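I opened my notebook to jot down what I could look up here. These are my entries, in the order I made them.

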Amino acid sequence: MSYLAPSEFVTKMVDAGESKIFMSTRDTIIRAYMAGAILALAAWFAVTINVNTGQPLVGALLFPVGFVMLYLLGFDLLTGVFVLSPLALIDKRPGVTLSGVLRNWGLVFVGNFAGAFTVAFMMAFVTTFGFTQAPDKVGAAIGNIGEGRTLGYAAHGAAGMATLFLRGMLCNWMVSTGVVGAMISTSVPGKVIAMWMPILVFFYMVFEHSVVNMFLFPSGLLLGAKFSIMDYLIWNEIPTVLGNLVGGLAFTGMTLYATHVMTLPKRQAEKAAKPRVAA
């Protein structure tokens, strides 16, 4: 598997965050667009499996194929840059600023949404034969997801909003662990295995992923589901984005950085000061 030690792959995380901040606008948007599109296609694939088999576990087992493909191709999700970009700022890399981090987040959000919406339109077109008939079973299922995960939260008021936020946190704890998984190994099979496991957990547990939702909810709106754009934004996308940011940075980015990078100079100094034992 060619496993890398934590101090090695966490340094790679910081390096990756730095490179994303200095990436050109063109490249950032293209990579984000393709990431959003591939992840949306994987979500469509997983819902199709769930509808046709009646077994959500099967869909969850196979959904990570989209995540694996997009990261092996070097594309970027908002949930990933939420974790990686701030580490370069925290590490005080030369030229890295807060405005640079925010710019990266904004461009990736736009690219992800454009890619996911493209696939949402294709899905809505395909499942209705060009909007000439009611959606098929898969389309109807996707529309129901949008209603249940907007109006369903709204029905519980503040408790629903808190639940949504926490599901967003839990989601990016797992998804960002998958992002890190791509750096844990230097072999393709090792990367795939390390990425697959946490993505399976997030999808089967029905946590809230901001980019997946950029596909599911616009799809529902295109198919005539009974919720509004404001319902989608207020009772899903915005709280999910915030939850993804907090969960990924707090549970993955900062914990790994604090224990494997911030303490590294101290450990090296202790090792150098330790007296050698004569052979």
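**Entry 1: a residue in a loop.** I started with phenylalanine 131, which sits in the loop between α6 and α7 (137–148). I kept in mind that this is a predicted model. Phenylalanine 131 isn't a glycine, yet its phi is positive, about 60 degrees. Is phenylalanine 131 buried or exposed, or partly exposed? Its relative accessibility is 38%, so phenylalanine 131 counts as partly exposed; the buried label needs a value under 20%, and exposed needs one over 50%.

**Entry 2: another positive phi.** Next I went to the loop between α10 (188–204) and α11 (210–222), where I found valine 206. Valine 206 is also a residue other than glycine, and its phi is positive, near 55 degrees. I looked up its accessibility too: at 39%, valine 206 counts as partly exposed.

**Entry 3: α1 by itself.** Then I turned to helix α1 (residues 6–21). I counted 16 residues in α1, and its first and last C-alpha atoms lie 23 Å apart, close to the 22 Å expected at 1.5 Å a residue. Which residues of α1 are buried? My list reads Phe9, Val10, Met13, Val14, Ala16, Gly17, Lys20 and Ile21. Looking down the axis of α1, I saw these buried residues fall within an arc of 160 degrees, so they line one face of the helix. A reminder to myself: an α-helix has 3.6 residues a turn, so residues three or four places apart point the same way. I also asked what covers the buried residues of α1. The cover includes α2 (25–53), α5, α6 (98–127), α9 (157–184) and α12 (229–260).

**Entry 4: α1 against α5.** I picked α5 (residues 78–90) out of that cover and checked how the two helices cross. Their axes come within 7 Å, and the crossing is at roughly 90 degrees. That makes α1 roughly perpendicular to α5. On the α1 side I noted Met13, Val14, Ala16, Gly17, Glu18, Lys20 and Ile21; they meet Val81, Val83, Leu84, Ser85, Leu87 and Ala88 of α5. Sorted by type, the residues of this contact come out as nine nonpolar, two polar and two charged.

**Entry 5: α9 against α10.** How are α9 and α10 arranged, and what is the angle between them? The angle is about 175 degrees, and the axes are 7 Å apart. α9 and α10 are therefore roughly antiparallel to each other. α9 brings Cys171, Met174, Val175, Thr177, Gly178, Gly181, Ala182 and Met183 to the contact, while α10 brings Lys191, Ala194, Met195, Pro198, Ile199, Val201 and Phe202. My tally for the contact of α9 with α10 is eleven nonpolar, three polar and one charged.

**Entry 6: α4 and what follows.** In helix α4 (residues 64–72) I marked Pro64, Gly66, Phe67, Val68, Leu70 and Tyr71 as buried. Among the elements covering them are α2, α3 (56–62), α5, α9 and α10. After α4 comes glycine 74, and its phi is positive as well, near 80 degrees.

Entry 7: Last, I looked at threonine 118, which is in helix α6. Threonine 118 has a relative accessible area of 25%, so I wrote it down as partly exposed.

Note on methods. Residues are numbered from 1 along each chain as its sequence is written. This is a predicted model: local features need pLDDT of at least 70, side-chain atom pairs count only at pLDDT 80 or more; totals for chains, interfaces and linings use all residues. Side-chain values use heavy atoms; hydrogens and water are left out. Axes are lines fitted to C-alpha atoms, for helices over the stretch in contact, and angles run from 0 to 180 degrees between N-to-C directions. Helices (H or I, at least four residues) and strands (E, at least two) are DSSP runs, numbered from the N terminus. Angles under 35 degrees count as roughly parallel, over 145 as roughly antiparallel, 65 to 115 as roughly perpendicular and the rest as oblique. Contact means heavy atoms within 4.5 Å. Ala, Val, Leu, Ile, Met, Phe, Trp, Tyr, Cys and Pro count as nonpolar, Asp, Glu, Lys and Arg as charged, and the others, Gly among them, as polar. The expected span of a helix is 1.5 Å times one less than its number of residues. Buried means under 20% relative accessible area, exposed over 50%, partly exposed in between (1.4 Å probe, protein chains only). The arc is that of the directions from the helix axis to the C-beta atoms.
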